[in-house]
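Please examine the sequence and the three-dimensional structure shown here. The paragraphs that follow lead through selected regions of the chain.

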Amino acid sequence: MPSTTTDHGGAATEIAALHPDIIQSHILNRLDGPTLASTSCASAQLLSLSSDDLLWRHICNSTWPSTAHPTVRAAISSFPSAHRSFYSDSFPSVSSTRRRRTPHAPQTQLLISAIDVYCDDNLIYSKVKETDTLSGWFQSSPFRIDLVDPKEAVNAPLKFDGDDGACMELARARLRVSWILIDARKKRAVNIASAAAVEARRHWLTEDIQLRYATVVDAGDGELVQCAALLTCGGKDGGTFQIREISMQIEDMEGKILTGADSLGVIDAAMDGRRLRSEVKAQSEAFEMFLRMKIQSRERKQRRERSLDMVCIAAGVAIFVGIWAFVLSR
């Protein structure tokens with residue numbers, strides 16, 4: 001069926017009858033990303049008009065203001081369909097992708113992080129950071145990207161109070177993070193942050209509020225890892241709510257932060273993996289499954305350690321008895 005629109009008099013008009021400039025300047029530029037992608041499937045004409053990079057650049061810049069940064073724009077320009085390809089990579093969340101076994105390590109030379117933090121859909125922080133991945137220090141050290149110094153805290157339009165539950169739930173409900181990793185050489189990107197915080201808790205030492213925005217990825221051999229963007233927040237009772245730290249890391253089921261080399265393998269698989277719409281419930285369930293498997297893994301490790309301890313004790317007793325028997329027999 002031909003696509004139609006309705007004029008002010010109520011008469012139906014085929015989209016094809018409209019001038020292409022009118023379609024682009026008065027219809028397509030008012031659509032969001034998912035709607036524009038769906039519209040492009042309606043006809044060959046709409047596919048051609050919807051492929052205009054200016055439309056997709058506007059959508060990317062309005063969705064993630066950090067993409068307007070020159071470094072990010074230069075990286076996106078190398079993608080097969082520029083901003084349209086970038087949007088298709090970054091808008092959906094990565095699913096529990098199975099890591100591909102490759103004979104060689106990923107050839108990533110530079111990771112670009114495009115980060116945007118929102119409160120009630122209002123941008124409060126935006127930054128782009130480049131990470132060199134070729135150094136020996138990066139390859140062997142725990143992989144972690146830090147953005148905010150304690151002296152450069154970001155103020156959020158929230159009121160900090162001493163009530164643990166109320167303050168945490170308020171921050172969890174109103175703060176949102178987007179953390180997109182871009183590999184210009186690979187011409188791919190992935191958003192590792194969940195659509196909403198999957199965990200909110202107090203830091204055991206500082207009492208700061210920690211919000212975790214995590215997606216779960218299969219690292220191979222049944223091992224899951226979480227790619228997490230972390231917000232550490234605090235303030236004084238009755239004062240301004242501050243975001244004191246913004247960081248990103250990849251953790252295994254033992255809570256250990258992966259090295260740079262291992263993290264690149266996970267990120268490489270995530271960039272090539274399936275994408276899902278950012279459904280908060282599905283992401284929370286995946287994180288809860290990760291926590292359950294983490295507990296099971298820790299219990300298995302404890303059982304193995306107890307068994308090993310018993311074997312060592314039994315061997316020690318046997319050796320002691322053997323030596324004692326040998327001494328008594330002389």
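Ala196 touches Tyr213, Val280 and Gln283, when residues up to four places away in sequence are not counted; contact here means heavy atoms within 4.5 Å. Ala196 has its place in the loop between β9 and β10. Helices (H or I, at least four residues) and strands (E, at least two) are DSSP runs, numbered from the N terminus. The C-alpha atoms of Ala196 and Arg172 are separated by 7.5 Å, the two residues being 24 residues apart along the chain.

The model is predicted, and local features need pLDDT of at least 70, side-chain atom pairs count only at pLDDT 80 or more, and totals for chains, interfaces and linings use all residues. Residues are numbered from 1 along each chain as its sequence is written, and side-chain values use heavy atoms, with hydrogens and water left out.

The strands that follow this loop may be taken in turn. Strand β10 (residues 199–202) runs antiparallel to β11, and four bridges join them; two strands pair if DSSP finds at least two bridges between them. Within this pairing, Ala200 has Leu211 of β11 as its bridge partner. The two strands form a hairpin with six residues between them, and Glu207 in the turn has a positive phi of about 70 degrees.

Strand β11 (residues 209–220) is mostly covered, with eleven of its twelve residues buried. Buried means under 20% relative accessible area, exposed over 50%, and partly exposed in between (1.4 Å probe, protein chains only). Strand β12 (residues 223–234) is joined to β11 by eleven bridges, and these strands run antiparallel. Asp218 stands opposite Leu224 in β12. A hairpin with two residues between the strands is formed by β11 and β12, and Asp221 in its turn has a positive phi of about 60 degrees.

Positive phi values also occur in loops elsewhere. Lys187, which is not a glycine, has a positive phi of about 65 degrees and is found in the loop between β8 (175–183) and β9 (188–191). Lys187 is partly exposed, with a relative accessible area of 39%. Ala82, likewise not a glycine, has a positive phi of about 55 degrees. This residue is found in the loop between α5 (70–76) and α6. Ala82 is buried, because its relative accessible area is 14%.

Helix α6 (residues 83–90) is mostly covered: six of its eight residues are buried. The buried residues in α6 are His83, Ser85, Phe86, Tyr87, Asp89 and Ser90.

Tyr87 and Phe91 are stacked, because their ring centres are 5.1 Å apart and their planes lie at 10 degrees. Tyr87 is buried, with a relative accessible area of 6%, whereas Phe91 is partly exposed at 26%. Another aromatic pair, Phe138 with Phe143, is edge-to-face, at 5.6 Å centre to centre and 85 degrees between the planes. Both Phe138 and Phe143 are buried.

A ring also takes part in an arrangement with a charged side chain. Arg176 lies over the face of Tyr118, at 4.1 Å from the ring centre. A charge sits over a ring if NZ of Lys or CZ of Arg is within 6 Å of the ring centre and within 35 degrees of the ring normal.

Thr39 is found in helix α2 (residues 33–39). Is this threonine buried or exposed? Thr39 is buried, because its relative accessible area is 19%. A polar atom of the Thr39 side chain lies 2.8 Å from the backbone oxygen of Thr35. Leaving aside neighbours within four places in sequence, Thr39 is in contact with Leu28, Leu31, Leu46 and Ser50.

A final region comes from a database record. In an unreviewed entry, UniProt lists residues 308–327 for "transmembrane region". UniProt positions are given in the numbering used here, feature names are shortened, and annotations may be inferred rather than shown by experiment. In the model, the span of residues 308–327 is 100% helix and 0% strand, and its end C-alpha atoms lie 29 Å apart.

Methods: A polar contact is a pair of N or O atoms within 3.5 Å; within protein, one must be able to donate a hydrogen and the other to accept it, and residues adjacent in sequence count only if both atoms are side-chain atoms. Rings of Phe, Tyr and Trp (its six-membered ring) pair if their centres lie within 6.5 Å; planes under 30 degrees apart count as stacked, over 60 as edge-to-face and the rest as tilted.
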